[in-house]
Amino acid sequence: MPDAVVIGAGPNGLVAANLLADAGWSVQVLEEQAEPGGAVRHDRGVDPAFVNDLFSSFYPLAAASPILSKLGLEAFGLRWSHAPSVVAHPTSDGRCALLDRDVDTTARSLDAFAPGDGAAWRRLYETWEHVRPDLLDALFTPFPPVKSTARLALRLRTGGALRLARTLALPVRRMGEEEFAGAGGRLLLAGNALHADLAPESAGSGGFGWLMAMLGQSYGFPVPAGGSGELAQALIRRLRSRGGTVHCGRRVVEVVISDGRAVGVRTEDGDCVAASRAVLADVSVPALYGHLVPAEHLPAQLLADLRNFQWDFGTVKVDWALDGPVPWQAEQASRAGTVHLADGVDELTRFAAQIAMRQVPDRPFLIFGQMTTSDASRSPRGTESAWAYTHVPREIRADAGEESISGAWSPDDQNLMADRMEREVERYAPGFRALIRARRILAPPTLEALDRNLNGGAINGGTTALHQQLFFRPTPGTGRPETPVSRLFLASAGAHPGGGVHGAPGANAARAALRGSRPGVLAGAQRLLAVRDRTGGKRRPQR
């Protein structure tokens with residue numbers, strides 16, 4: 001019997017398993033899919049000569065994460081690779097805002113939009129450098145981050161702390177207007193903010209956009225050499241070196257509870273796996289509460305709060321194998337790993353408004369990835385492995401475009417949406433479509449089929465909006481990995497601090513499990529699971 005069972009072999013589950021193994025625990029990870037990694041996987045499914053990431057690709061939060069840094073994954077085969085520049089945001093008039101790891105290069109690109117905006121960017125970066133260690137510590141530790149908050153307050157004093165808090169709470173449109181005279185700086189902030197499900201007018205979108213932009217300035221947007229799955233494989237190699245195991249094709253359908261404590265799990269095929277110390281769940285919040293954990297074990301208030309749980313937007317992603325580099329009108333875009341495609345902040349507002357009205361956007365904002373530019377091993381010399389994704393409403397009432405995309409995501413819907421996305425690329429890179437050797441479309445149902453946590457194509461484990469962050473995540477008054485069931489811990493992006501590949505939810509869950517560890521209920525767990533095995537895995541009433 002292992003000390004801990006971890007449900008899900010995504011990055012958070014694997015980080016949690018590694019930290020428990022470091023503490024001397026025996027750990028077993030159970031993964032539903034045929035291969036591990038969750039949303040950190042790659043394949044050659046578009047063209048055999050091309051490596052394409054299935055889901056996530058760029059990892060600024062991983063590069064900044066002290067959690068992943070301390071794991072020393074480079075010793076287990078992980079290598080990071082960078083594009084020459086980080087992010088480009090071209091406009092239809094041929095200009096381009098460029099985020100580069102060299103702050104002077106970034107500043108020069110913004111001065112081309114409005115003299116003095118380069119100095120404004122440097123001021124934002126100086127603020128970031130001043131608060132970066134404590135801010136990152138606050139981001140990656142369990143809520144409330146008492147020590148790091150106290151250090152920030154001491155560093156900034158009262159007036160400075162209040163001004164920083166105001167800045168972080170600003171909508172990104174307002175922040176851009178306050179900081180920059182021209183469009184370039186505003187676009188860098190707003191494009192980064194819309195990596196999440198935030199409109200330019202949303203409170204806190206300025207803080208998120210600033211954080212992502214500053215991470216790019218300091219750390220870049222690195223990619224794992226060879227494919228995103230190399231990050232997951234390094235975590236697995238490290239775990240196995242410490243005695244942990246990962247079992248794929250094992251879907252967990254129930255957390256086994258005895259006397260109010262999690263004592264193991266039951267899989268879809270009826271097998272029971274006991275855990276003498278803890279169960280950690282790298283699963284979505286709605287999947288855990290009321291499905292894996294029956295409602296009878298949960299407080300009525302939690303179940304009521306879960307009715308208001310909000311997912312983030314759906315996602316449509318297209319992967320391409322291209323016969324040549326993307327022919328950007330703005331040369332600077334050819335140097336960036338990530339390219340944002342929207343012709344101004346107003347167009348971003350229009351995009352977000354259409355989603356709010358449950359319409360498929362007619363001019364979707366695209367986040368475009370140039371993977372061979374970022375890592376030459378991804379495709380043959382002279383070609384490009386590329387992708388783009390955009391967001392769509394979870395429930396679609398209408399199509400703002402002319403093609404009548406229904407939202408059923410039939411093959412026709414998928415092809416119409418992919419064509420629309422390709423036309424958007426053509427606005428900034430005429431001739432793009434002529435380079436397409438092959439493409440693959442990942443609509444919301446496909447994403448969910450490949451990773452159950454990506455419910456309806458949601459990629460952040462729940463909305464990034466302020467009303468479901470900090471002590472509101474996943475429900476009001478929580479913000480920590482502990483659950484109402486003793487020895488059961490939430491280890492997914494549904495917990496604070498949320499989405500992104502940084503390992504914090506998994507690390508926080510592992511630390512909580514270690515803190516709460518007491519001598520196991522081994523005999524009781526064995527008796528209960530033996531009974532359940534004899535009854536075919538059927539749950540018996542609790543006394």
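Modeller: Let us begin with a pocket. The second largest pocket has a lining of 18 residues, and Gln310, Trp311, Phe313, Ile355 and Ala356 are those nearest its centre. The model is a predicted one, in which local features need pLDDT of at least 70 and side-chain atom pairs count only at pLDDT 80 or more, while totals for chains, interfaces and linings use all residues. Residues are numbered from 1 along each chain as its sequence is written, and side-chain values use heavy atoms, with hydrogens and water left out.

Colleague: What is a pocket, and what is a cavity?

Modeller: Both are sets of points on a 1 Å grid over the protein atoms alone: in a cavity a 1.4 Å probe fits but cannot get out, whereas a pocket is an open set with protein on both sides within 12 Å along at least five of seven lines, and lining residues have an atom within 4 Å of a point. Grid points are joined across faces, edges and corners, and a volume is the space filled by probe spheres set on the points. For the second largest pocket, that space is about 360 Å³.

Colleague: Which helix gives the most to the lining of the second largest pocket?

Modeller: Helices (H or I, at least four residues) and strands (E, at least two) are DSSP runs, numbered from the N terminus. Helix H13, residues 345-356, gives the most, with three residues. By class, the lining of this pocket holds ten nonpolar, three polar and five charged residues. Here Ala, Val, Leu, Ile, Met, Phe, Trp, Tyr, Cys and Pro count as nonpolar, Asp, Glu, Lys and Arg as charged, and the others, Gly among them, as polar.

Colleague: How many cavities of 30 Å³ or more are there, and which residues line the largest cavity?

Modeller: The count is three cavities of 30 Å³ or more. The largest cavity holds about 50 Å³ of space. Its lining consists of Phe58, His82, Ala83, Ser85, Val86, Arg101, Gly220, Phe221, Gly337 and Thr338, that is, four nonpolar, five polar and one charged residues. Strand E6 (85-90) and strand E15 (336-341) each contribute at least two residues to this lining.

Colleague: How is the packing of two helices described?

Modeller: Two packed helices are described by the angle between their axes and the distance between the axes. Axes are lines fitted to C-alpha atoms, for helices over the stretch in contact, and angles run from 0 to 180 degrees between N-to-C directions. Angles under 35 degrees count as roughly parallel, over 145 as roughly antiparallel, 65 to 115 as roughly perpendicular and the rest as oblique.

The axes of helix H1 (residues 11-22) and helix H10 (residues 229-241) come within 9 Å and cross at roughly 20°, so H1 is roughly parallel to H10. Contact means heavy atoms within 4.5 Å. On the H1 side, Pro11, Leu14, Val15, Ala17, Asn18, Ala21 and Asp22 meet Ala232, Leu235, Ile236, Arg238 and Leu239 of H10. This contact comprises nine nonpolar, one polar and two charged residues.

Colleague: At what angle do helix H7 and helix H8 cross?

Modeller: The axes of helix H7 (residues 172-179) and helix H8 (residues 183-193) cross at roughly 160° and come within 9 Å; H7 and H8 are therefore roughly antiparallel to each other. Val172, Met175, Gly176 and Glu177 of H7 make the contact with Arg186, Leu189, Ala190 and Ala193 of H8.
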